[in-house]
Each structure stands twice: as C-alpha cells, then as structure tokens.
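Let's go through this one together, question by question. Take a look at the model first.

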Amino acid sequence: MASEMEDTVTDDVRTSEILTVPNLLSLARILLTPVFIWAMAQRRPWLAFGIFLLAGSTDALDGYTARRFRLKSNLGLWLDPAGDKILLTAALVVLTLSRLSVPNVVPLWLTAISIGRDLLIAAGTLVYIGIRGRTVFRPTLLGKASTVSGILTILAVLLWNALGLSPSFLPWLFLLTAVLAGASGAHYILLGIRRFFRERKPTAA
C-alpha cells in the first residue's frame, strides 16, 4: 500500500513538472515547427513569418515565466533548448532552399555552422554523460546570444521575403550569427572539458 502511494506521489510530481507553463510553451514551440514547414512549402510567406514569430516568442516567455514564478524544472532545462534547436534547425534548412525561400536565401555555410555547432555540443554532452553520468549543462550568455541572433536572422529573412525585398544588411546579419554560433560552440566545449577534469567520477557504493 505504501509503495502504491509512493508511486502515485511520484507520478503526480512528474505530471506537475511536465504541465508547467514554461514546459508547455517549449512544447508549443516544437509543435509549431511542422506547421511552419507546411507554410513554407505552401509558399505563404506572411503565414510562415507569423508562425515563426509566435514560436520564437515562446522562447522568451518560457524563460520569463520560469524565473518570475519559480517554475524551473529539470525537464525544462532539457526541453527549452530542445525546442530552440528543433525550430531553428528546421527553419535554417528550409530557408537554405532557393525554391522555397525567395528572394533571400540563408547561405549554406551559415546553416552548416549552426547545425554543426549543435551536433558537436550534443555529441560532447552524450560522451560526458556516458563517462561521468547524468548531468545538466545550463545555457551560457554567449549561447543565449547565439540563439537570439539566429531567431532574429530567420525573422529578418522571412519578413523581407514576404515584402519581396533584399536589404543590404542581411549578409552582415548572417556573418554575425555565424560568428556567435561558432564562438558559443567553442565556449561550450571548453566549459565541458574544464568540468570533465574538475569533477571526479562517482565511486560505486
């Protein structure tokens, strides 16, 4: 009986952790990604812009609500960046396709740098967890700046595509986003290496 009560309490805790406002906002960002892809495939630039703007705004809202109402959770530490990566990766790939992104196209090198950074960080995290055990890497200021720059770059491309214009500042925005992505990726790797050698491997009981 006691075991059943403990299981019930555990299930309630897990459910309450999942159903927090920040986590629901992160989930909404993930669920809006295929809708954004559909809008792009249908060549509806204003709809795609609106969907991405809505999805991107959830990134700011989930962080604010988590801090303001003290709703931070271990799930949120993973779900928030996962939502960012899924949305940004999908948008970058679609906007690299010239037949869908007109008249402005995200350069292939920017997409490659951004996705390569995420894959490198993910691989490093998996290796770290495999050796040291479960851990959580909190986002850094440089990492947040990279994410914000990526979102603003995509919004700019979507907006100017909807207007049918090609502003001269876009290449500079692409370059800034690439620099921040590369710098944040290197920073995360350095932090992981330092943490790896600083922490001791837990001993078996």
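Q: Which residues make the nonpolar surface patch of about 540 Å²?
A: This is a predicted model, where local features need pLDDT of at least 70, side-chain atom pairs count only at pLDDT 80 or more, and totals for chains, interfaces and linings use all residues. Residues are numbered from 1 along each chain as its sequence is written, and side-chain values use heavy atoms, with hydrogens and water left out. Patches take residues with over 30% relative accessible area and no salt bridge, joining like charges within 9 Å and nonpolar side chains (Val, Leu, Ile, Met, Phe, Trp, Tyr) within 5 Å, with areas from the Shrake-Rupley method, a 1.4 Å probe and, for residues, only the protein chains shown as cover. Here the patch is made by Trp109, Ile113, Trp172, Leu175 and Val179.

Q: Which element gives the most to the nonpolar patch?
A: Helices here are DSSP runs (H or I, at least four residues), numbered from the N terminus. Two of them, H5 (108-132) and H7 (170-198), each give two or more residues to the patch. The top giver, with three residues, is H7.

Q: Is isoleucine 113 buried, partly exposed or exposed?
A: Look for isoleucine 113 in helix H5. Buried means under 20% relative accessible area, exposed means over 50%, and partly exposed is in between (1.4 Å probe, protein chains only). Isoleucine 113 has a relative accessible area of 33%, so it's partly exposed.

Q: How many salt bridges does the count come to?
A: Side chains of opposite charge can pair when their charged atoms come close. The rule asks for a side-chain nitrogen of Lys or Arg within 4 Å of a carboxyl oxygen of Asp or Glu. One of the pairs is aspartate 118 with arginine 117, at 2.6 Å from N to O. By this rule the count comes to three.

Q: How many residues apart in sequence are the parts tied together by arginine 29 and aspartate 84?
A: Arginine 29 is buried, at 0% relative accessible area, and aspartate 84 is buried too, at 8%. Arginine 29 sits in helix H2 and aspartate 84 in helix H4, so this pair ties together parts whose separation in sequence is 55 residues.
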